[in-house]
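This report looks at a few parts of one protein model. Keep the sequence and the 3D view at hand while reading.

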Amino acid sequence: RAARAPRFASFDGEAMATTWQITLPEGADPAAAAAAAEACFALFRRLDLELSEWKEGSPLSAVNRAAGIAPVAVPEELFALVARAVEIGRETDGAFDVSWAALWGVWDFRAALPAVPESAAIAARRVLVDYRRVVLDPAGRTIFLPESGMKIGLGGIAKGYALERARALLVERGFENFLLVSGGQVYARGSRGGRPWQVGVRDPRGARDDIFATLPLAGGSLSTSADNESFFVVAGVRYHHILDPKTGWPTQGLRSATILAADPTLADALSTAVMVLGRERGLEVARRLGAGALVVDERGEVAMTPELAAILTLLHSPRRS
């Protein structure tokens, strides 16, 4: 008799301001899969309390409130993640900048009547954005922002880190085949019934379920940043939430950037950085950091690194408009 394909179960939840889906094999003990999924959700909730820049009681909020005043001792995971974010800032020449949060409040992409901010307001905040000024003291495990108004925001890297921690948790519990999905990022390990997981890339000008390309994923993370996640249009111009740290304005040139990397933390941060860097520099930096990259530019044209070109299946060309 042919071996029966293993049965998988999916578990859904919300944390860190996004939805999560965990797909695990049930095996002979479905309760073990459910318990493992709940352990992942508990992990996400804990990380949200520790890493969020939005929650008043979080250690990161304490760092931001103390900007220009004093260093703040923080938990080990928060210190390590901020240090990693600063490192990625150096590796991307500031295209990924963990201090972007100084621009809070200048742009409002949820307003009922959206408006483009005054250039002077953007410029005044932009001078506070500089990852190189974040002071990290490993001995005291403190973080210091030397000027009032500086802020750290981990929204472009925290979910990737959460995927990394969930991967380690599941492997520790003996799971070798699973899929983790968080908004625009996935992590896949092993296979589903002996076949690699198939992951889709969304058309940035299509409907939410419009997938223009797929690829197999068996041990890595795919992260997409795009200009269609949070945006408004004024006078025919699209303004979106991915800001260039060097200008304070939304990035230009790319509609979306997709990164394939073994490390989910790097994939998360790098998809944002490539949106900032643009087509040529973005692909170059991704290759240098050992990641695959796929971009859709403002004309709807696709470019990618050779690693992705070798495994990607193009279902249709992205929509032009």
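This is a predicted model: local features need pLDDT of at least 70, side-chain atom pairs count only at pLDDT 80 or more; totals for chains, interfaces and linings use all residues.

Trp197 has Leu217 of β9 standing opposite.

The sheet that contains these strands is open and has three strands in the order β8-β9-β16, with antiparallel pairing. Which strands lie at its edges? They are β8 (197-202) and β16 (313-314), each of which pairs on one side only.

## Two nonpolar cores

The largest nonpolar core is made of 85 residues. Leu24, Phe44, Ile152, Leu154, Leu170, Ile259 and Leu270 have the most contacts inside this core. Helix α1 (residues 30-51) is the element that gives the most to the core, contributing ten residues. Another core, of 17 residues, lies apart from it; its members include Ala188, Val199, Leu222 and Val296.

Neighbours within four places in sequence left aside, Ile152 is in contact with residues including Glu53, Leu60, Val82, Ser99, Val134 and Leu145.

## Helix α6

Helix α6 (residues 264-277) has 14 residues. From its first C-alpha to its last, α6 reaches 20 Å, close to the 20 Å expected at 1.5 Å a residue. Is this helix largely enclosed or exposed? Because 14 of its 14 residues are buried, α6 is largely enclosed by the rest of the structure.

The N-terminal end of α6 is capped by Asp263, with a side-chain oxygen 2.9 Å from the backbone nitrogen of Thr265. After α6 comes Gly278, which has a positive phi near 90°.

How values were computed
Residues are numbered from 1 along each chain as its sequence is written. Side-chain values use heavy atoms; hydrogens and water are left out. Two strands pair if DSSP finds at least two bridges between them. Helices (H or I, at least four residues) and strands (E, at least two) are DSSP runs, numbered from the N terminus. A nonpolar core is a set of buried Ala, Val, Leu, Ile, Met, Phe, Trp, Tyr and Cys residues joined through side-chain atoms within 4.5 Å. Buried means under 20% relative accessible area, exposed over 50%, partly exposed in between (1.4 Å probe, protein chains only). Contact means heavy atoms within 4.5 Å. The expected span of a helix is 1.5 Å times one less than its number of residues. A polar contact is a pair of N or O atoms within 3.5 Å; within protein, one must be able to donate a hydrogen and the other to accept it, and residues adjacent in sequence count only if both atoms are side-chain atoms.
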